[in-house]
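Colleague: I would like to learn how to read helix packing and pockets in a model. Could we go through some examples together?

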Amino acid sequence: MVAMAGQRPGWRRVVATAGLALTAIWLTVGVTLSSVFDTSAPDVALRAYPFSATAMAAKAAVAIRPGMDAPEIENARAYAIHALALDPTNIIAVRSLGLLAALRNDTATAARLQRYALYISRRDLPTTLWAIEDAVARGDIAAALRGYDAALLTSDRAEPLLLPVLVDAASDPQIRTPLMKMLTTRPLWWPEFARRTFTAGGDPTTIVATWRALRIDPQASDPNTRALASQGLVRLVALGAYRQAWALSGGGGDLLRNGQFEAPPAAPPFGWQLLDEIDLSGVIQPGGTTASGYALFPSASNGRSGEVASQLVVLPAGRYALALRTAGAFPDGSAVIARCHGAGGQVLSTAPLPAHGGRVALDFIVPPSHCGGQMIAIRAVSAEDSAGDGGDTGRPWIDDVVLTRTQ
């Protein structure tokens with residue numbers, strides 16, 4: 001399948017990357033995938049018992065390598081044939097004969113022997129890898145995916161080898177659709193596939209499709225699921241897919257979340273994210289609006305200053321108004337800031353936090369481009385760095401943050 005100019009490469013080209021790697025591994029690793037004594041030390045085993053089919057097959061397998069000359073091929077083939085005569089179901093012997101046939105460019109015999117190996121055992125990783133390559137060569141996506149599933153279910157060594165290829169291949173729509181259907185059944189390897197997709201995937205469509213196929217719940221009681229959801233949302237934001245991330249996060253219709261600070265801090269990237277460093281922090285705790293209510297307490301000392309609380313929001317282009325209530329003495333330079341998300345993001349508006357408490361209003365405009373996500377941030381400043389008179393010495397707090405669209 002040849003990709004047209006300007007289109008995504010065909011699925012064969014994507015998965016063929018695995019084929020080259022798998023063939024090399026297949027030819028060089030061979031029997032070392034097994035920990036059985038006969039296969040790890042065939043010469044020792046044959047000296048102890050010269051009629052061991054497994055050791056005889058292993059003797060053939062360990063001899064196989066790229067670039068073998070004809071005598072070396074025939075020597076290894078003799079061991080494999082001898083092993084097969086002792087045990088016609090010896091998977092290592094059948095697989096080795098298939099590999100040796102491939103080295104002689106006898107593709108028909110190689111294919112026949114490897115199909116027989118697959119018939120004998122579907123738990124043999126090298127044989128399953130061959131089945132994947134064969135399916136790719138035939139353009140059979142469904143069979144290739146079944147091969148991936150079989151390998152991932154039967155060998156711990158398959159995950160680091162196959163999952164990176166599968167994650168990359170999922171960006172091709174021809175592969176993604178049947179793969180997502182497979183994921184809806186939650187095969188045993190789904191958590192690692194999701195983790196790799198959510199942390200390193202480069203295609204937002206694939207991340208969203210994986211999320212939906214696995215029915216990821218960002219509010220799940222299971223902390224591992226919540227952590228996985230946070231990874232997916234963070235990755236989408238990093239790729240600039242703000243709206244997709246916001247929709248998956250289950251934020252509802254609110255423009256800004258937890259403005260009264262009564263809910264626990266949310267996992268990244270949405271909800272209030274608090275800085276917790278020596279001499280610079282933001283803390284949500286009781287003691288603000290009412291005796292039982294919670295508020296945000298910014299804190300800076302010893303010359304420290306910076307953003308101690310921030311929340312990522314996803315707003316369409318337009319005019320917005322942010323309102324919040326404060327109390328206590330905020331040093332000069334303390335502020336609430338609206339800016340575009342990302343390093344060096346455009347500052348949309350800034351309003352100082354008052355020295356003696358009161359309401360604060362911040363109006364800003366979200367531009368139609370280059371500002372897909374926005375940050376609402378609270379900046380704290382050390383009191384000793386302030387040029388003000390100190391004012392009220394009460395500990396400052398912020399509460400009742402409300403964001404509305406005005407136009």
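Colleague: Which residues in H4 meet which residues in H5?

Modeller: Happy to show you! Ala-53, Met-56, Ala-57, Lys-59, Ala-60 and Ala-63 of H4 meet Ala-76, Tyr-79, Ala-80, His-82, Ala-83 and Leu-86 of H5, where contact means heavy atoms within 4.5 Å. These residues divide into 10 nonpolar, one polar and one charged. Here Ala, Val, Leu, Ile, Met, Phe, Trp, Tyr, Cys and Pro count as nonpolar, Asp, Glu, Lys and Arg as charged, and the others, Gly among them, as polar. Helices (H or I, at least four residues) and strands (E, at least two) are DSSP runs, numbered from the N terminus. This is a predicted model, in which local features need pLDDT of at least 70 and side-chain atom pairs count only at pLDDT 80 or more, while totals for chains, interfaces and linings use all residues. Residues are numbered from 1 along each chain as its sequence is written, and side-chain values use heavy atoms, with hydrogens and water left out.

Colleague: How are H4 and H5 arranged?

Modeller: Two packed helices are described by the angle between their axes and the distance between the axes. The axes of H4 (residues 53-63) and H5 (residues 70-86) come within 8 Å and cross at roughly 155°. Axes are lines fitted to C-alpha atoms, for helices over the stretch in contact, and angles run from 0 to 180 degrees between N-to-C directions. H4 and H5 are therefore roughly antiparallel; angles under 35 degrees count as roughly parallel, over 145 as roughly antiparallel, 65 to 115 as roughly perpendicular and the rest as oblique. Their crossing is left-handed, that is, the near helix is turned anticlockwise from the far one by less than a right angle, with clockwise giving right-handed.

Colleague: At what angle do H9 and H11 pack?

Modeller: H9 (residues 141-154) and H11 (residues 173-183) pack at about 50°, with axes 10 Å apart, so they are oblique to each other. H9 passes H11 in a right-handed crossing. Ile-141, Leu-145, Arg-146 and Asp-149 of H9 make the contact with Gln-174, Ile-175, Pro-178, Leu-179 and Met-182 of H11.

Colleague: And how do H12 and H14 cross?

Modeller: The axes of H12 (residues 190-200) and H14 come within 7 Å and cross at roughly 30°, which means that H12 is roughly parallel to H14. H12 passes H14 in a left-handed crossing.

Colleague: What volume does the largest pocket have?

Modeller: Rolling a probe the size of a water molecule over the atoms shows where empty space is left. On a 1 Å grid over the protein atoms alone, using a 1.4 Å probe, a pocket is an open set of points with protein on both sides within 12 Å along at least five of seven lines, and lining residues have an atom within 4 Å of a point. The largest pocket has a volume of about 470 Å³, the space filled by probe spheres set on the points, which are joined across faces, edges and corners.

Colleague: Which residues lie nearest its centre?

Modeller: Of the 22 lining residues of the largest pocket, Gln-219, Arg-257, Ala-266, Ala-267 and Phe-270 lie nearest its centre. The largest share of the lining, four residues, comes from H14 (residues 223-238).
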